[in-house]
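Notebook open. I want to look up a few local features and write down what I find.

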Amino acid sequence: MITRLINIFLIIILGLAGHTPMLYSISVRFQVDECLTIWIDPVLIYNVGDLLPEYVLGYTNGDIILLAGEAEWNDERVIQHEYNHVIQYQALGDFYYITSIFLNLEGYPYYPDLKCNDYMWQPPENWFWKWGLVEIKIPLNRRQ
Ligand SMILES: [Zn+2]
């Protein structure tokens, strides 16, 4: 819930500040159990320039990626690093903030060297938990 609120807050604030996002990708995922759950994830990249601290190339929260400038915008390794965080958020949701204590989300000890991308934690296939910026639950009519 907190990640979704932060994402909506960022979209509104950055929009009001005149920043235009680039739609990097969009994914739609489904799960069927007692209900049909649909997750929709538009991954938006903003070039926010001086809004980030000087030493930070990029920052990700949920489906929102903030980049420090044109150099980062054109560096596929930086975008890959931030997109790896998007995948982590889609697997962990609000638990991202807690699991960063014991999962290697940044790819240490290589971080901030971008070869850390290969060592960042990624969810295994059939990961049990899902998060999406948009989540739609449709109850299924189960006949007795
Ligand atoms: Zn990172």
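I looked up leucine 23 and found it opposite leucine 44 in strand 2. The model is predicted, and I read every entry here that way. Strand 1 and strand 2 (residues 35–47) pair in the antiparallel sense, with 10 bridges. I checked the turn next: two residues sit between the strands, and the pair forms a hairpin. Then I checked cover on strand 1 (residues 22–32). Of its 11 residues, the count of buried ones is zero, so I noted the strand as hardly covered.

Next entry: aspartate 63. I placed aspartate 63 in the loop between strand 3 (58–61) and strand 4 (64–67). Is aspartate 63 buried or exposed? I noted it as buried, because it has 27 C-beta neighbours inside 10 Å and the cut-off is 20 or more. Leaving out residues up to four places away in sequence, I listed its contacts; among them are Asp41, Leu44 and Val86. I also took a distance: the C-alpha atoms of aspartate 63 and tryptophan 73 are separated by 16 Å, at 10 residues apart along the chain.

Last entry: helix 3. I compared its span with expectation. The 17 residues (76–92) should span 24 Å at 1.5 Å a residue, and the end C-alpha atoms are 24 Å apart, so the two agree. I then looked up its buried residues, which include His81, Val86, Tyr89 and Leu92. Their cover includes helix 1 (2–16), strand 2, strand 3, strand 4 and helix 4 (96–99). After helix 3 comes glycine 93, with a positive phi near 60°.

Key: Residues are numbered from 1 along each chain as its sequence is written. This is a predicted model: local features need pLDDT of at least 70, side-chain atom pairs count only at pLDDT 80 or more; totals for chains, interfaces and linings use all residues. Helices (H or I, at least four residues) and strands (E, at least two) are DSSP runs, numbered from the N terminus. A residue is buried if 20 or more other C-beta atoms lie within 10 Å of its own, exposed if 12 or fewer, and partly exposed in between; C-beta atoms are placed from the backbone. Two residues are in contact if their C-beta atoms, placed from the backbone, lie within 7 Å. Two strands pair if DSSP finds at least two bridges between them. The expected span of a helix is 1.5 Å times one less than its number of residues.
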